[in-house]
Amino acid sequence: MKLLHNITAGNPGQLVKPVFYSVLANLVSVLPFALIIEAVRLIFAPYITPGMLLQTERLWWICGGLAGSMLLLFLSEIPAYRSAYRGAYHVAAQGRAELAEHLRKLPLGYLTRRDPGDLANMMMGDFTLVETGISHLLPQLAGAFVLPLAALAGLLALDWRMALSMFAALPLGLLIMYSASKLQRRLGASHMEARLNAANRLQEYLNGIQVMKAYNLTGDRFVRLEQSFKLLMKESIRLEAVFGPIIMTAIGLLRAGLTLLVYVGVHLLLGGELGVLQLAVFLIIGTRIYDPLTTALTNYAEFRYNEQAGERIVQLLEEPVMSGSTDPLPARRGIRFEEVTFGYGGQPVLKNVSMDLPQGSLTAIVGPSGSGKSTVLRLISRFYDPGEGRVLMAGRDLRSIDPEHLLKEVAVVFQDVYLFQDTIGRNIAFGREGATGEEIRQAAELARCHDFIMQLPLGYETPVGEGGSTLSGGEKQRISIARAILKNAPVVLLDEATASLDPQNEADIQKAIQALIAGRTVIVVAHRLKTIAGADNILVLEDGCLVEQGRHDRLLALGGLYARMWKLQQESTGFRISS
Ligand SMILES: Nc1ncnc2c1ncn2[C@@H]1O[C@H](COP(=O)(O)OP(=O)(O)OP(=O)(O)O)[C@@H](O)[C@H]1O
């Protein structure tokens with residue numbers, strides 16, 4: 001049952017129809033086979049039994065029956081074919097969408113631990129293997145036993161000794177395949193690992209081409225890619241080299257059954273215990289019976305390999321998602337950190353942090369690079385849950401709030417803006433489902449991007465390259481602010497871009513931010529201190545600890561880290577080339 005669960009990526013119900021129709025089609029295929037045997041029996045009977053006439057009328061009936069059974073076979077194969085492909089593509093399409101939805105609900109920590117290439121490969125490659133499992137392997141495997149089993153039942157009635165000798169080697173063949181499946185699992189797992197590794201290295205190589213060109217790096221990355229291809233080649237050969245002979249042995253054993261059949265048949269014939277006609281029937285069946293079984297044995301090896309792909313998908317689908325209540329939050333949406341300690345897996349990044357970020361105020365978070373500022377925003381958005389302590393919104397622990405429900409209350413402007421490969425208008429509309437063109441335009445005007453959008457050839461309909469590659473950093477930032485304005489959420493989290501912008505762009509972004517934060521609870525991670533000098537409260541982080549807090553003047557007077565950072569930023573000049 002687990003096998004069926006895995007090969008269908010958790011949808012064994014999808015196998016019922018394909019397997020049913022495949023078995024039915026194979027049952028129908030027994031009919032012409034049986035008719036041919038009967039025809040052979042009729043044709044040879046007059047030669048064997050003296051005085052017996054050829055039963056022509058029955059032969060004609062058999063001819064008619066054969067034509068009818070061919071038509072029946074054709075008709076039964078159509079639903080078998082259709083249900084197999086429909087089931088397979090249905091499972092793959094629905095499964096991919098389900099997995100994508102599941103990935104979105106997993107904690108970000110889980111996703112960052114996994115290679116993105118690994119996930120992409122699972123989405124495409126593993127589901128294709130599952131597709132093949134449902135459309136080809138399992139129905140064929142189930143169908144392959146129909147003819148031999150029907151033949152066994154019929155032949156047992158004819159002569160049990162001959163029937164048993166025909167199938168004598170089958171249990172041994174099956175046993176070999178079953179015992180080999182453990183080895184297959186191990187080899188299959190390392191082959192799949194090598195395949196994933198090659199896919200990851202290829203993705204890394206493609207992503208890094210720009211850097212490689214810029215730094216004229218020709219060696220290392222390509223060597224890694226080449227090595228991963230070599231490893232894949234080795235694993236593929238190993239898989240075939242070890243498993244191929246095992247399959248061939250099992251198939252050889254099965255075929256040896258034919259020799260045994262001839263031996264026992266001749267022995268019985270000479271002893272007068274078996275008629276010539278019966279022997280002929282056994283020999284005809286014997287030459288046909290092993291084909292479906294050898295196909296089944298070969299399919300079984302492939303089936304176990306594909307099953308591992310399904311198992312990987314099932315395991316990922318079983319990974320627990322972040323959940324919580326969708327009850328409406330109280331009107332006051334103040335945020336509080338209570339003794340929060342958090343790390344991304346290694347050392348803690350935030351250490352025992354307690355702080356209040358009150359409703360309706362502008363709180364700024366500042367501190368040296370790597371001090372944990374963006375991490376604070378990630379915890380408020382519940383991209384991660386803290387290891388120790390609690391983050392509360394409106395007095396409720398965020399762990400108890402459904403992440404999607406929570407994010408309805410929160411608009412986030414990230415440091416790195418990601419734009420989808422879509423039109424500019426639709427990229428802004430991601431802020432709120434169902435936003436009208438007029439609402440999008442108003443948000444764009446407030447975010448100071450309407451003018452530059454109108455200068456583009458197709459205005460709001462202009463397509464944006466993947467990740468926003470066709471726009472400048474400042475433009476992307478403003479589009480992302482327009483998204484957040486459109487979302488109109490009571491809490492705004494703003495991670496200020498670190499990249500330097502020209503004065504005009506910077507002024508535009510500041511105005512856009514003013515429009516975004518008006519009347520809301522705002523938490524801004526700031527790198528340029530002058531932009532947050534007017535904040536209601538400034539939290540200063542150093543190495544994951546809250547070291548100072550207060551208004552700008554108070555912090556300056558304190559003469560601590562904030563005052564030092566302020567002084568440095570006042571003094572900093574641009575680049576200078578020393579001679
Ligand atoms: N996904 C992650 N996995 C592991 N470590 C991470 C991850 N994200 C951040 N870190 C580490 O956590 C620490 C704090 O990162 P964070 O992004 O919160 O710093 P920051 O103060 O916002 O820095 P910056 O001002 O440079 O943006 C850093 O040492 C960083 O390397």
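Residues are numbered from 1 along each chain as its sequence is written. Because this is a predicted model, local features need pLDDT of at least 70 and side-chain atom pairs count only at pLDDT 80 or more, while totals for chains, interfaces and linings use all residues.

Student: Which strands stand at the edges of the six-stranded open sheet?
Tutor: Strands are DSSP runs of E with at least two residues, helices are runs of H or I with at least four, and both are numbered from the N terminus. Two strands pair if DSSP finds at least two bridges between them. The order is S6-S7-S8-S3-S9-S10, with mixed pairing. Each edge strand has a single partner, so one side of it is left without a neighbour in the sheet; these are S6 (410–413) and S10 (545–550).

Student: What angle does the direction of H12 make with that of S8?
Tutor: Axes are lines fitted to C-alpha atoms, for helices over the stretch in contact, and angles run from 0 to 180 degrees between N-to-C directions. Helix H12 (residues 373–380) packs on the sheet and touches S3, S6, S7, S8 and S9, a contact being two C-beta atoms, placed from the backbone, within 7 Å. With the direction of S8, that of H12 makes about 145°.

Student: How are H2 and H11 oriented to each other, roughly parallel or roughly antiparallel?
Tutor: Helix H2 (residues 16–48) and helix H11 (residues 276–318) pack with their axes 10 Å apart, at an angle of about 150°. Angles under 35 degrees count as roughly parallel, over 145 as roughly antiparallel, 65 to 115 as roughly perpendicular and the rest as oblique. The two helices are therefore roughly antiparallel.

Student: Which helix gives the most to the shell around the ligand?
Tutor: The residues around the ligand include Thr 112, Tyr 344, Lys 373, Ser 374 and Thr 375, where near means a C-beta atom, placed from the backbone, within 6 Å. With three residues, the helix that gives the most is H12.
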